[in-house]
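Q: I'd like to learn how to read this one with you. Could we start once it's on screen?

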Amino acid sequence: MYNVAKDVRREIQVAVAAAIVSSELAADAGGYDAHEVPVEITRDKSHGDFATTVAMALAKRLGRPPRRIAEAMAPALQAACGNTRYIERIEVAGPGFINFHLSRAWLEDTIRAIHSAGSAYGTSNAGDGMRVQVEFVSANPTGPMNVVNARAAAVGAALANILKAAGYDASTEYYINDAGNQVAVLGESVELRYRQLQGESVEFPERCYQGAYISDIAREAHAEHVEMLKTMEPDERSRFFREFALARMLGSQKRSLSRFGVDFDVWFSERKLVEGGAHQEMLRNLRKRGMVYEKDGAVWLRATDFGDDKDRVLVKSDGEFTYLAGDIAYHKNKLDRGFDLIIDIWGPDHHGHVVPTRAGIQALGYPGKCLEVLLLQFLSILSGGERVKMSKRAGEFVTMDDLLDEVGRDAARYFMLMRNIESHLDFDLELAKRESQENPVYYVQYAHARICSIFRQAEENGIRVAGAGEADLSRLAEEIELDIVRKLAAYPDEIATSAAERAPNRLAKYALDLAGLFHSFYNSCRVISDDAGLTSARLALSRAVGIVLRSCLDILGISAPERM
RNA sequence: GCGCCUGUAGCUCAGUGGAUAGAGCAUCUGACUUCUAAUCAGAGGGUCGGGGGUUCGAGUCCCUCCAGGCGCGCCA
């Protein structure tokens with residue numbers, strides 16, 4: 001009984017379906033499958049605990065007003081209440097809602113369910129074990145991790161956790177762009193700085209990476225390999241700088257991500273893909289399917305067959321593969337690994353690649369819906385009320401490490417997650433640092449710390465903390481107490497919805513709302529009092545809130561401190 | 001020109017076709033002899049960018065217009 005709301009929903013669905021069949025509506029409605037009955041937790045508790053809009057949904061089919069339909073079902077439903085565990089009474093309201101008022105049993109069962117499920121509470125099999133890969137960040141290894149990467153990291157990691165909690169078989173992947181031209185430019189940039197360090201007067205072209213980190217790597221190369229470098233031939237030396245710079249950049253990126261608390265199941269190297277001949281294989285496959293043709297010395301993909309507005313070049317007239325070809329080969333590789341669904345998180349500047357890439361996998365014979373691309377909007381950093389100017393080319397970017405130094409992991413994570421992914425995010429550095437009521441991350445963490453504090457206090461006072469099974473939960477009678485349990489009961493739904501909508505921000509909002517309810521409760525009700533029975537019940541409630549808050553914070557990648 | 005995203009309270013934003021559109025901040029008024037005041041209680045504040053449409057019902061879906069951001073390479 002981990003998910004009481006689900007049991008309630010089922011009970012209502014069965015009762016409604018039975019009511020339709022046994023009422024005068026049966027002739028017109030025909031059979032009605034219980035699973036089709038829409039049941040939702042009401043937003044406003046004056047409308048009862050749950051409600052169905054089935055009467056509105058049937059209005060068209062039956063050709064009568066929804067309110068009449070609801071009224072026709074009401075007697076049978078009311079009569080059926082006696083046979084259910086949870087439904088106490090029903091009422092028809094508004095344009096045709098049927099509201100279900102439940103007995104307290106469902107709230108008390110919810111608390112007990114949370115205690116027995118512990119950290120597993122909230123999980124479901126909504127995703128039905130679907131194999132999903134989430135690929136995110138995948139930055140070019142040509143500069144340090146920056147704040148845009150940080151948003152992608154926070155969102156991707158949280159999304160993967162949410163999918164897992166909702167019953168998807170999710171794994172995370174980082175694509176290392178180690179094969180492209182930009183790695184050569186990176187090596188060249190470091191080598192030129194190195195030569196400048198040696199006193200040579202060489203020009204540093206604009207196409208090279210301008211950031212100070214390039215010189216840092218050059219200094220490291222000098223410190224560690226100066227003797228060896230002296231003996232190298234020019235070609236050999238260029239190769240050395242390319243590999244050395246690449247290794248240093250990757251190391252630095254992994255270190256930053258790890259500081260941020262984000263790790264990946266798979267680090268996938270583009271170079272390995274190229275060396276394995278994936279591009280040629282893809283091309284052979286497309287040729288066999290008649291999906292490519294030659295024109296102007298290039299090889300073109302028939303992308304227009306799949307909704308693109310023009311065909312796309314896969315092999316340039318100089319014989320090189322395009323970026324798109326690499327992307328298609330990579331996605332073919334992913335799908336061949338057995339994933340049912342690939343979710344890519346890209347920047348909005350790549351949105352033009354979505355249709356061509358999908359066309360590519362469709363041309364290879366995969367359904368287009370295997371690939372879902374989430375376009376994560378960029379963010380601005382605000383400092384002193386001003387937008388901090390960032391330019392990738394000039395190497396002027398607020399780095400992930402700067403952000404971690406400034407505001408810390410938890411605040412950074414929360415701020416990255418609080419917005420809808422397709423909304424621009426203004427990240428206010430001063431606000432994220434402030435330890436005050438303006439800062440939502442501390443608000444949530446503080447609720448958790450408070451709960452821990454209550455249990456410490458209980459222990460010091462020698463109060464025996466009973467399990468939820470023993471506590472007399474009927475003692476919870478305050479409105480705020482019941483509001484909290486209603487919120488806790490909605491948690492599994494909340495995770496499932498966040499997963500289905502790919503919306504981690506929903507869970508961040510949920511955590512904030514739950515914390516708010518708890519703070520309100522804390523200020524109006526004493527948990528530990530002379531009344532042992534009431535104390536026991538309130539401790540059980542507090543523990544349930546603590547379990548759910550911790551679960552939310554874990555999923556979002558934020559720590560749940562025991563003291564603050 | 002075409003495509004994608006955004007437009008909701010002074011500010012930042014929630015809001016899976018449902019009932020009287022919500023929260024935080026900011027502003028104002030109150031609450032620490034208390035299990036943590038990084039907290040709470042209360043107040044004010046809205047033509048959901050404009051206009052059409054779809055239907056029992058639209059902030060939500062469709063069309064159109066306006067405003068802002070981004071993208072439209074045999075670059076990556």
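Q: Which helix gives the most to the surface near RNA strand B?
A: A residue is near a strand if one of its heavy atoms lies within 4 Å of it, and helices (H or I, at least four residues) and strands (E, at least two) are DSSP runs numbered from the N terminus. Here H17 gives the most, with eight residues. This is a predicted model, where local features need pLDDT of at least 70, side-chain atom pairs count only at pLDDT 80 or more, and totals for chains, interfaces and linings use all residues. Residues are numbered from 1 along each chain as its sequence is written, chains are lettered from A and ligands numbered from 1 in the order written, and side-chain values use heavy atoms, leaving out hydrogens and water.

Q: Which residues come nearest to RNA strand B?
A: Of the 55 around it, Phe 97, His 351, Tyr 443, Tyr 446 and Ser 453 do. Sugar and phosphate make up 62% of the RNA strand B atoms that come within 4 Å of the protein.

Q: Why is helix H15 largely enclosed?
A: Buried means under 20% relative accessible area (1.4 Å probe, protein chains only). Eight of the nine residues of H15 (409-417) are buried, so the rest of the structure largely encloses it. Among them are Arg 413 and Tyr 414.

Definitions and conventions:
Buried < 20%, exposed > 50% of the residue type's maximum accessible area, 1.4 Å probe, protein only.
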